[in-house]
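Subject: Structure for you to look through

Dear colleague,

I am passing on the structure below, together with some notes on what was found in it. Please read the notes with the structure open beside you.

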Amino acid sequence: SHKVEVKTFGNFDILVDGKTIKFARSKSKELLAYLIDKKGTSVSSSELIVNLWEEHDVCKTTRSMLHNLISDIKDTLTKYDILDIIELDRNAYRIICEKVSCDYFDLLNGKKSALNKFTGEYMAAYEWAIFTASTLENTYGR
């Protein structure tokens with residue numbers, strides 16, 4: 001029964017009861033950001049690897065790197081008692097949208113407060129987010 005708030009406008013952050021979550025690995029945070037960007041649809045290991053490590057092939061090494069991130073995410077979310085916001089199956093990973101409050105989801109659902117918060121920047125730190133950022137800017141930009 002914690003309040004989980006996800007901020008995507010500008011840089012990406014996850015807050016639990018008002019406190020920013022800290023991950024042991026920065027890529028763990030990016031993986032969660034990617035799942036938020038996918039709005040609750042399941043994502044495969046291969047898709048995660050291709051998008052998080054663009055310069056690497058899907059191979060034993062990158063699968064191991066992904067496994068380490070999943071472990072970090074499980075440990076971190078468990079520590080904050082919010083592991084239920086995510087599904088981490090063998091080859092299907094997704095965020096449970098209903099369990100988080102998210103500015104991006106609010107914007108897509110037409111909430112005026114989210115429109116007021118959107119200044120054109122969306123998950124600025126992540127290269128793969130430029131496609132969504134461009135769509136949002138074209139649709140909601142002023």
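Helices (H or I, at least four residues) and strands (E, at least two) are DSSP runs, numbered from the N terminus. In that numbering, Asp 103 lies in helix 4, which covers residues 103–108.

Two remarks on the source come before the rest. This is a predicted model, in which local features need pLDDT of at least 70 and side-chain atom pairs count only at pLDDT 80 or more, while totals for chains, interfaces and linings use all residues. Residues are numbered from 1 along each chain as its sequence is written, and side-chain values use heavy atoms, with hydrogens and water left out.

The sheet

Strands of a sheet pair through backbone hydrogen bonds, either parallel or antiparallel; here two strands pair if DSSP finds at least two bridges between them. The structure has an open sheet of four strands, in the order 3-2-1-6 and with mixed pairing. Strand 3 (19–20) and strand 6 (101–102) are at the edges with a single partner strand each, so one side of each has no neighbour in the sheet. Strand 1 (residues 4–7) pairs with strand 2 in the antiparallel sense over four bridges, and Val 6 stands opposite Ile 14 in strand 2. The hairpin of these two strands has five residues between them, and Gly 10 there takes a positive phi near 85°. Strand 2 (residues 13–16) is in turn joined to strand 3 by two bridges, again antiparallel, with Val 16 opposite Lys 19. This second hairpin has two residues between its strands, and Asp 17 in the turn has a positive phi of about 50°.

Charged residues

A salt bridge is a side-chain nitrogen of Lys or Arg within 4 Å of a carboxyl oxygen of Asp or Glu, and the structure holds seven of them. One of them joins Asp 84 and Lys 99 (3.2 Å, N to O). It links distant parts of the chain, since Asp 84 is in the loop between helix 3 (60–79) and strand 4 (86–88) and Lys 99 is in the loop between strand 5 (93–95) and strand 6, 15 residues apart. Buried means under 20% relative accessible area, exposed over 50%, and partly exposed in between (1.4 Å probe, protein chains only); Asp 84 is therefore partly exposed at 42%, as is Lys 99 at 40%.

Aromatic rings

Rings of Phe, Tyr and Trp (its six-membered ring) pair if their centres lie within 6.5 Å, and planes under 30 degrees apart count as stacked, over 60 as edge-to-face and the rest as tilted. There are five aromatic pairs by this rule. Among them, Phe 9 and Phe 118 are edge-to-face, with 5.1 Å centre to centre and 65° between the planes, and both residues are buried. The rings of Tyr 126 and Trp 128 have centres 5.3 Å apart and planes at 5°, so this pair is stacked.

Best wishes
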